[in-house]
Amino acid sequence: MAKVKEIFDYTKDELGEMLAAKGVKPYRTKQIFSWLHAKGARSFDDMTDIPKDLRVSLAADHSIGALSIETVQKSKLDGTRKYLFRLYDGGLIEGVFMEYRDWNTVCISSQVGCAMGCRLCASTVKGCERDMTAGEMALEIYEMERDAGKRISNVVVMGSGEPLLNYENLMRFTDIITDSDGKGISQRNITVSTCGIVPAIERLAGEKLHGDHLQINLAISLHAATDEKRRKLMPVAKKYDLKQLMGAADRYYDSTHRRLTFEYALIEGENDSEGDAKELARLLKGKNALLNLIPVNPVTESGLKRPDRRKCEAFKNKLENFGINGSIRRELGSDIDGACGQLRMRSTAEISRMRV
Ligand code: SF4
């Protein structure tokens, strides 16, 4: 049987082309796109103002909304919800809903697993199974919004996967969720996190969406301020050194004028000394950038240790002495599951145990 296309994967333009090929009038494009991306349709029959014969024709060669919530963990402390989603082929991915005072943010995944091998991350332990499609990424947002019953205005692509290795789908996803006939999320409220794929950052710097320069935010995982240390934590650093990475980051800033974010996971005894603070300050000096200091989540496989609060504060103060401000990331949902990626790992392990 021919593989059916997932209707959530189309941008509005692509949807229009598909409908035109079926001989459907152009005004139907906006109607159907809105049903999918603004009005929560999960079956063709939900589209009550679309003629029955068109719904039947669409259902014949499309799947619709092939992503479901497997489990939800809800924090009693702060409204954080952690989701495990199941994809049409059984793949499992995670998403997190976070409530702030004035807005709600979700963190979504972009690949099933990850091939990048960062030592501090549980998502990579089993490698990358596949790229996620644009529609799957969008559906993570819609399902979390529906389940939490709260409007989502901000999106960070920081869950499992290296989004810049799934570049085409990431661009299509950006097109879909920013469309004013759909969710209409502002590009400026979307942050894409990368471990530092230099050619893709360069490409992103020249990227346009409907003729205008891209305006999404870029967060770069540094985790160490020298090549030697970085190579020990992140295999990607063997391919692209810090000079190349910082050069690409500068070009992204120059072309978009979006403030960059650098992520630095604090790991006891590895990257939290005075010397590390000095190197980091040297690297970031003069940049219009935010620095997030993230006490590392202990991942059993890596043996990395999380510094206590006092040590994190001490590192932050050392950085300040060298002229750089960083903020220690607020921990949300600390009463629910631990590190990102572990929910999926545990479930995969449980499921495979069940299958034995
Ligand atoms: S930190 Fe990000 S890029 Fe690195 S292995 Fe984990 S998911 Fe992949």
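**His257.** I looked up His257 in this predicted model and found His257 in the loop between helix H9 and strand S14, the strand that covers residues 260–266. I noted that the phi of His257 is positive, about 60°, although His257 is not a glycine. Is His257 buried or exposed? With a relative accessible area of 56%, His257 is exposed, because the cut-off for that word is over 50%.

**His223.** I then turned to His223, which has its place in the loop between strand S13 (217–221) and helix H7 (227–233). I read a phi near 65° for His223, again a positive value in a residue other than glycine.

**H6 and H9.** Going back to helix H9, which spans residues 242–256, I looked at how it packs with helix H6, residues 198–205, and found an angle of about 10° with the axes 8 Å apart. Because angles under 35 degrees count as roughly parallel, I wrote down H6 as roughly parallel to H9. I also recorded that the crossing of H6 and H9 is left-handed.

**The contact.** Which residues of H6 meet H9? On the H6 side I listed Val198, Ile201, Glu202, Leu204 and Ala205, and on the H9 side the residues that they meet are Gln244, Leu245, Ala248, Ala249, Arg251, Tyr252 and Ser255. Sorted by class, the contact of H6 with H9 has 8 nonpolar, 2 polar and 2 charged residues.

Definitions and conventions:
Residues are numbered from 1 along each chain as its sequence is written. This is a predicted model: local features need pLDDT of at least 70, side-chain atom pairs count only at pLDDT 80 or more; totals for chains, interfaces and linings use all residues. Side-chain values use heavy atoms; hydrogens and water are left out. Axes are lines fitted to C-alpha atoms, for helices over the stretch in contact, and angles run from 0 to 180 degrees between N-to-C directions. Helices (H or I, at least four residues) and strands (E, at least two) are DSSP runs, numbered from the N terminus. Angles under 35 degrees count as roughly parallel, over 145 as roughly antiparallel, 65 to 115 as roughly perpendicular and the rest as oblique. A crossing is left-handed if the near helix is turned anticlockwise from the far one by less than a right angle, and right-handed if clockwise. Contact means heavy atoms within 4.5 Å. Ala, Val, Leu, Ile, Met, Phe, Trp, Tyr, Cys and Pro count as nonpolar, Asp, Glu, Lys and Arg as charged, and the others, Gly among them, as polar. Buried means under 20% relative accessible area, exposed over 50%, partly exposed in between (1.4 Å probe, protein chains only).
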